[in-house]
Structure formats: C-alpha cells, structure tokens
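Thanks for coming. I will go through side-chain contacts and helix packing in one structure. Please have the sequence and the coordinates open.

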Amino acid sequence: MSDGVADLKLAHLVELSKLGPRCRELEQEIATWLREHDVVFAGRTIPFVLMPHFISPAQQRAIRRAVGCLSAVLDRLCDAYAHDAALREHLAVPPAEDELIRLDPGYPHPLRICRLDAFLAGGELKFLEFNADSPAGIGYTDVLFEGLERAIALPRVRAEFDTAYAPMLPVLVATLLDAWRHFRAGRSLPERPRLALVDVDDSPSVPEFRIVCRAAAGSGIDALHCRLSDLSYDGSRLRAGGEAVELVYRRALLEDALEGPLAEAARDGRACLVNPFRSRVANNKKLFALLDDPRYAEPAELEVVRRTIPWTRVLRDGRTSWGDWVVDLLPFVSDNRERLVLKPASDYGGHGVALGRETSQSDWDGLIEEHAAREDFVVQEYVPVPQEMFPVVEDGHIQMQLKHFNINPFGIGGRYAGMITRISDQAVINVSAGGGLLPSVVGRHHHA
C-alpha cells in the first residue's frame with residue numbers, strides 16, 4: 001500500500017482509541033445525525049464505523065483508469081445490442097425485456113450511471129459485477145462523509161496527513177441534465193425539465209431519493225420521487241401524481257417496469273429515462289465473457305480488462321479455455337469447486353451467489369445440473385475477499401475488528417466520479433443483508 005495510506009489508517013485508529021468512552025457518544029451522535037439526514041435503508045440507519053475507508057492516490061489513479069476504460073467498453077456493448085444478433089443470442093434475455101432494451105434512449109452514451117463492484121487488495125483490483133440497471137448509494141455516500149467529517153476531529157491526524165473526498169451528487173445531477181440536453185434537441189421541450197425519481201411501490205431506498213431530490217433542487221431542478229403506480233401517461237405527457245415530468249431518474253429495475261406508463265412513454269420518446277432500459281445490457285453478468293472481445297474494446301482497454309476482470313464463462317455444456325488449457329466446462333466446474341463461484345446472470349444484491357469453497361460438492365453439482373441447461377448462471381474465478389481492520393465500539397470503547405470489504409466505484413457520464421466502500425462480517429457483502437457503508441477517502445502524508 002503506497003503513499004502512506006497505511007500510516008494514515010494506523011494514526012486514525014490510534015487517535016480514535018485515545019477518545020475512550022467518548023467514542024460511544026460519537027457513534028450515537030453520528031447515527032442520530034445520519035437518521036435525520038436520510039442515511040436510512042429499509043427503515044433503519046445504515047451501519048457505519050468511526051472511520052472512512054482510506055485509499056492511496058496510486059490506488060485512486062488505478063481505479064479511475066479502470067473505470068474509464070470499462071465504462072467505454074460497456075457503453076459500446078449497450079449500443080451494439082440493437083443491431084448485434086450474436087450479442088443478443090449470447091445474453092438471451094426474455095422477449096419483453098429485449099423489446100425495451102432495443103429502444104433508442106434519445107441521447108448518446110446510454111450508460112450514464114454505473115456502479116462497478118470490485119475487490120481492492122493493495123495494488124490488485126478485480127471487478128466482480130456491474131450494477132447498471134439501478135445503481136444505488138451515490139446519495140448516501142456524500143451525506144455519510146459529511147456526517148463523519150463533522151463529528152470526528154483528530155487534530156494530530158490532520159496535522160500529518162492530507163485527505164480528500166469529492167462529492168458525487170453534483171456529478172450525478174450534471175449527467176442527468178446532459179442526457180436531457182441531448183434528448184430535447186429538435187423537440188419542443190423545456191430547457192429545465194421536471195425530474196422524477198421512480199421506483200417500485202415498496203422501495204427501501206426512498207430516503208436516498210430524498211437526498212438526490214434535495215441535490216437536484218440545489219441545482220435549480222424541480223424534483224420529486226414517486227412510485228411506478230403514481231405514474232400516468234396519456235400518449236403525450238408522462239405525469240407523476242398529476243405533475244408533468246420530462247426527465248426520469250429510473251431506479252425501478254427493468255423487470256418491474258415492463259408494462260405501464262413508464263414503458264409506454266419511453267416507447268413514444270415522450271420521456272428521457274436515465275439510465276435507459278438499454279443499460280440493462282451492462283448489468284448482465286454474461287457480458288463478462290465478452291469484455292475482452294476486440295470488436296468492442298480498444299487495445300489499451302483490453303489490457304485493463306485482462307488485468308481487472310476475473311475469468312468468467314456462461315455456465316453451459318461445451319469446451320472453453322482456462323489459461324493455456326482447453327477444458328470441458330461442466331466437468332471442469334464440478335472438479336474445481338473451491339476455486340470458482342456460481343452467480344445468477346441477471347440477479348443482484350448477492351442473491352443466489354454460491355462460493356464453491358463454502359458449498360458442499362453435492363449442492364454444487366446440483367446447481368450445475370439445474371442451471372447449465374437454462375444458461376442463466378455464470379461461473380467465475382474465485383477472488384479472495386479482502387479484509388481490513390476497522391474500529392468498532394464495544395463495551396463503550398474502540399475495539400479493532402477484521403471485516404470483509406469491497407469497493408464500489410461509480411462511473412457517471414463515462415468517468416470515475418467517486419466510490420463507496422461496503423463492509424461486512426460475511427464474505428458476501430451487501431447492505432440489504434446487513435452490511436455497512438463507508439465513504440472512500442483519498443489520503444496521504446503531507447509531503448507525499
């Protein structure tokens with residue numbers, strides 16, 4: 001770990017431990033502040049610890065380059081879907097989804113917002129999946145950073161180290177408006193749209209929507225959040241609770257919006273959706289097997305793909321490559337359980353993921369038999385889940401605990417915009433399963 005970030009982490013933990021019982025009070029104060037400022041998921045304040053996740057400038061540079069390259073490749077694949085029969089055959093999405101994915105979004109570069117979930121261990125970066133259909137966490141991260149920053153003052157740490165965090169909400173609002181500018185060109189539409197954040201009726205993320213709406217309002221955009229069931233469409237205008245809306249920040253998953261006013265307005269080109277349904281292409285884990293295809297990636301991008309994407313194949317009968325070897329895939333997957341992971345191609349939130357080393361051979365072979373014929377799973381090389389020490393308040397004092405973590409960089413408008421870190425006591429890390437969130441902060445010695 002370079003640029004003194006290991007020293008920064010140690011200094012932060014040492015100084016935090018000197019606060020003694022005050023740490024418990026800090027934790028309670030921060031939790032109250034976060035709850036009041038909507039850092040809430042499924043009705044509860046999102047878990048956190050009394051320290052950001054620090055990364056070094058060198059790590060940030062590597063992440064920024066990888067996110068830029070991968071965003072460009074994914075964008076091309078999203079655009080290729082409408083005219084590339086081989087790509088459609090490879091992904092094999094249901095017909096109703098296929099029809100919406102083919103719709104022209106009305107603006108270039110359809111993959112406007114993407115969360116690229118990865119493991120970072122020192123200088124090694126590996127991406128495990130892309131959340132492009134309904135990426136969450138941008139709003140939470142900015143507010144969480146503010147809550148930690150305002151509450152935790154460690155003068156000795158600040159005297160020795162520089163830290164930096166760039167808010168992501170302004171970048172999000174800017175890319176929504178950029179998509180709108182392209183969409184309204186040649187149409188009789190207002191310069192400033194009304195923005196609606198749209199999700200399913202029982203969405204657990206409503207507090208984050210309020211955060212985004214406040215950020216949009218701060219940029220002069222009239223914004224509201226609503227449910228799919230609040231929408232209506234008369235063939236001309238899309239309305240949310242009776243209010244006309246022109247720009248939609250879509251947080252409802254594709255399968256939840258196959259029919260109804262949102263899909264109808266998108267078909268007629270009467271509403272600008274960000275992300276468009278076309279972004280679902282990048283969400284499909286089967287795409288991992290195509291990222292190193294020279295048809296979609298430039299040589300420099302291919303180098304990044306090969307360094308940061310673990311070996312991935314669609315789980316189906318046939319022969320394939322593993323390094324320099326050619327193998328029969330299904331027997332290979334059965335025989336190499338402990339070095340592989342099985343994942344649903346289109347699910348999210350860690351649902352259905354089977355780590356071979358934590359799955360019995362009989363259950364593993366059962367998954368292979370069940371899903372190989374359906375071709376709805378991928379098999380991926382196992383990447384060890386990184387662990388770091390994080391401060392946890394126990395018995396009124398700071399205790400250090402080893403926790404699993406992953407990083408979640410955001411590509412917004414095709415560029416790296418910032419990052420959130422998720423932590424958990426479990427190897428499968430997800431907030432919906434009780435994991436915590438941390439803002440990712442760049443740190444280094446003053447003299448570095």
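I start with a charge and a ring: Arg187 sits over the face of Phe183, 4.0 Å from the ring centre. Before I go on, note that this is a predicted model.

Next, aromatic pairs. How many aromatic pairs does a search of the whole structure find? The search gives 8. One of them is formed by Phe130 and Phe288, with 4.7 Å centre to centre and 20 degrees between the planes, and this pair is stacked. The two residues come from distant parts of the chain, 158 residues apart. Phe130 belongs to strand 5, residues 124-131, while Phe288 is in the loop between helix 11 (280-283) and helix 12 (299-308). Are Phe130 and Phe288 buried or exposed? Both are buried.

The second pair I want to show is Trp322 with Phe332. The ring centres are 5.0 Å apart and the planes are at 50 degrees, so this pair is tilted. Trp322 is in strand 15 (residues 319-322) and Phe332 is in helix 13 (residues 329-335), so the pair ties together parts that are 10 residues apart in sequence. Trp322 and Phe332 are also buried. Back to Phe130 and Phe288 for a moment: together with Phe127 they form one aromatic cluster.

Now the charged pairs. Side chains of opposite charge can pair when their charged atoms come close. Over the whole structure, the search returns 33 salt bridges. I will take three of them and then a network.

Glu25 and Arg22 form a salt bridge at 3.1 Å, N to O. Where do Glu25 and Arg22 lie? Both are in helix 2, residues 22-36, and they are 3 residues apart, about one turn of the helix. How accessible are they? Glu25 has a relative accessible area of 42%, so it counts as partly exposed. Arg22 is at 32%, and Arg22 is also partly exposed.

Asp98 and Arg102 come next, with their closest N and O atoms 2.9 Å apart in a salt bridge. Asp98 has a relative accessibility of 16%; the cut-off for buried is under 20%, so Asp98 counts as buried. Arg102, at 35%, is partly exposed.

Glu370 is partly exposed at 38%. Arg374 is at 52% relative accessibility, and the cut-off for exposed is over 50%, so Arg374 counts as exposed.

Which residues are linked in a network of salt bridges? They are Asp133, Arg250, Glu255 and Arg280.

On to helix packing. Two packed helices are described by the angle between their axes and the distance between the axes. Helix 8 takes part in both cases I will show.

On the helix 8 side, the contact is made by Leu169, Leu172 and Val173. On the helix 9 side, Ile211, Val212, Ala215 and Ala216 make the contact.

In the second case, helix 8 meets helix 6, residues 138-151; here the axes come within 9 Å and cross at roughly 150 degrees. Angles over 145 degrees count as roughly antiparallel, so that is the label for helix 6 and helix 8. Helix 6 contributes Ile138, Gly139 and Asp142 to the contact, and helix 8 contributes Leu169, Pro170 and Leu172.

Last, two C-alpha distances. Ala121 is in strand 4, residues 113-121. Ala121 has a relative accessible area of 45%, which makes it partly exposed. Between Ala121 and Ile152 there are 26 Å in space, C-alpha to C-alpha, for a separation of 31 residues in sequence.

Arg422 is in strand 22, residues 415-424. With a relative accessible area of 7%, Arg422 is buried. How far apart in space are Arg422 and Val327? The C-alpha to C-alpha distance is 36 Å, and in sequence the two are 95 residues apart.

That is the list.

Technical notes. Residues are numbered from 1 along each chain as its sequence is written. This is a predicted model: local features need pLDDT of at least 70, side-chain atom pairs count only at pLDDT 80 or more; totals for chains, interfaces and linings use all residues. Side-chain values use heavy atoms; hydrogens and water are left out. A salt bridge is a side-chain nitrogen of Lys or Arg within 4 Å of a carboxyl oxygen of Asp or Glu. Helices (H or I, at least four residues) and strands (E, at least two) are DSSP runs, numbered from the N terminus. Buried means under 20% relative accessible area, exposed over 50%, partly exposed in between (1.4 Å probe, protein chains only). Rings of Phe, Tyr and Trp (its six-membered ring) pair if their centres lie within 6.5 Å; planes under 30 degrees apart count as stacked, over 60 as edge-to-face and the rest as tilted. A charge sits over a ring if NZ of Lys or CZ of Arg is within 6 Å of the ring centre and within 35 degrees of the ring normal. Contact means heavy atoms within 4.5 Å. Axes are lines fitted to C-alpha atoms, for helices over the stretch in contact, and angles run from 0 to 180 degrees between N-to-C directions. Angles under 35 degrees count as roughly parallel, over 145 as roughly antiparallel, 65 to 115 as roughly perpendicular and the rest as oblique.
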